[in-house]
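Reader: I would like to learn how to read a pocket and its lining. Please take me through one case.

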Amino acid sequence: MNQRILTGITTTGTPHLGNYVGAIRPAIAASREPGSDSFFFLADYHALVKCDDPARVARSRLEIAATWLACGLDPERVTFYRQSDIPEIPELTWMLTCVTAKGLLNRAHAYKAAVDQNTAKGEDPDAAITAGLYMYPVLMAADILAFNATKVPVGRDQVQHIEMARDVGQRFNHIYGAAWRAAGGAGDPFVLPEAATEETVATLPGLDGRKMSKSYDNTVPLFEGGAKALREAVARIVTDSREPGESKDPDSSSLAAIFRAFAGETESAAFRHELETGLGWGEAKQKLCRRIDHEIAPLRERYDSLMARPGEIEDALREGARKARAIAAPRLEIMRRTVGLGPLAAPAGKTKVAKKGDKRARIVSFRDSEGFRFRLLGADGEELLLSRAFADPKAAGQASRAFSSDEASGALKPIDASRFVFLQDDEPLATSMEFAELAARDAALERTRAALASLREAAG
Ligand code: TRP
């Protein structure tokens, strides 16, 4: 099975060197591997759980988005978006909430820790705990399940949340699996995701030698404050009082470990050797700064220029949201019908419900804010074509016959590298999804041809 990698970044802080080495750099490298299908998003709804300062949330969103783009994330290659631009996520959150056992959420580490703290202080167990904190894992499950992600790279503190997403997804599959297939869904409603924790990426130590983390206040900023802030932070890395000329233990300070994260093995070994043979701490810190800057300075330049043009980032995120919704929206459309919230229809029994083994391409009509539309779905439920909107359902029904009848048949034509259309009398009646590559577009074109042929055959 193809892997779909998805991860969210909570937008409450400013990225630091530890985030860069431990998350950003490896994630971007992985997203460049051939055949990778990566989803990165700003978890800004999650930010509201942790932070009620609007200016801080807004600033962090901008800084984090600029950081990822400056570090080389290619929004053409990956799907990069804001959680709050995808209304299907909160919608799915509610559907999942209704199958989630309350007891499961009682066992979440973050919630339990908050309760334990209250109890230790002799307060009411739920004092100052919001329902947002309690529901956090369900929102996270919706983030993942909306896109059928298979692999979720997270820190170890988040592994329990991925297990909960599996639990919730499995429960939904169990309750609604048959209804999902009857509603035109393929397979199970949700693929169950796996957590991917990067064992090989050593966590970067901070100024005081503990793991670099905002909560220890021991971080080195990645871009904010420029080269000067970097130098000032590095100057505060804790060392012992050995003088220049004295031999130093490279492991007595974070210096060598941070150096290692930015240099190859040989260069790092040379740096350690210099410390052992008397390099002064001050000079060592300068070397470290130069080493970090060697990698970071060009990225910082891009960061500064992006920060000065938020409109460009906004455009990239909106385009990302469009790509993300092209996947989530059709899924949610089926999901709504799955749970009984589709358009009103005659009671089941009178309607033709898809039977097991009844696997054919089909046309599904629906209504959205722009009017009445229909889709061509492949035998496995894949969305192949989406029609334009019609003002009235009859006209839409009439037009949809172009898919199934031989006489009215139109032509399939690529319109650009990523899409094709169904033309009728030279007018586009329906458009394909957007594909990342030519080969994917052409493969879908072939599947669409086959689906149309099978519809026409069935129509006789
Ligand atoms: N909770 C995650 C964190 O704080 C961020 C996050 C939100 C996330 N939704 C996600 C991570 C979905 C992976 C998948 O790190």
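Author: The lining of the second largest pocket divides into 22 nonpolar, 11 polar and 17 charged residues. Here Ala, Val, Leu, Ile, Met, Phe, Trp, Tyr, Cys and Pro count as nonpolar, Asp, Glu, Lys and Arg as charged, and the others, Gly among them, as polar. This is a predicted model, in which local features need pLDDT of at least 70, side-chain atom pairs count only at pLDDT 80 or more, and totals for chains, interfaces and linings use all residues. Residues are numbered from 1 along each chain as its sequence is written, and side-chain values use heavy atoms, with hydrogens and water left out.

Reader: How is a pocket found, and which residues lie nearest the centre of the second largest pocket?

Author: Rolling a probe the size of a water molecule over the atoms shows where empty space is left. A pocket is an open set of points on a 1 Å grid over the protein atoms alone, where a 1.4 Å probe fits, with protein on both sides within 12 Å along at least five of seven lines; lining residues have an atom within 4 Å of a point. In this case 50 residues line the second largest pocket, and Arg-4, Asp-37, Ile-327, Glu-434 and Phe-435 lie nearest its centre.

Reader: Which helix gives the most to the lining of the second largest pocket?

Author: Helices are DSSP runs (H or I, at least four residues), as are strands (E, at least two), numbered from the N terminus. H13 gives the most, with 12 residues. Strand E2 (38-43), helix H13 (310-339), strand E7 (371-377) and helix H15 (438-459) each supply at least two residues.

Reader: Why does the second largest pocket lie between domain 1 and domain 3?

Author: Domain bounds come from an automatic or database domain assignment. The pocket lies between them because domain 1 (4-199 + 309-338) and domain 3 (362-459) both give residues to its lining.

Reader: How many bridges join E10 to strand E11?

Author: Two strands pair if DSSP finds at least two bridges between them. Four bridges join E10 to E11 (residues 427-431), and the two run antiparallel.
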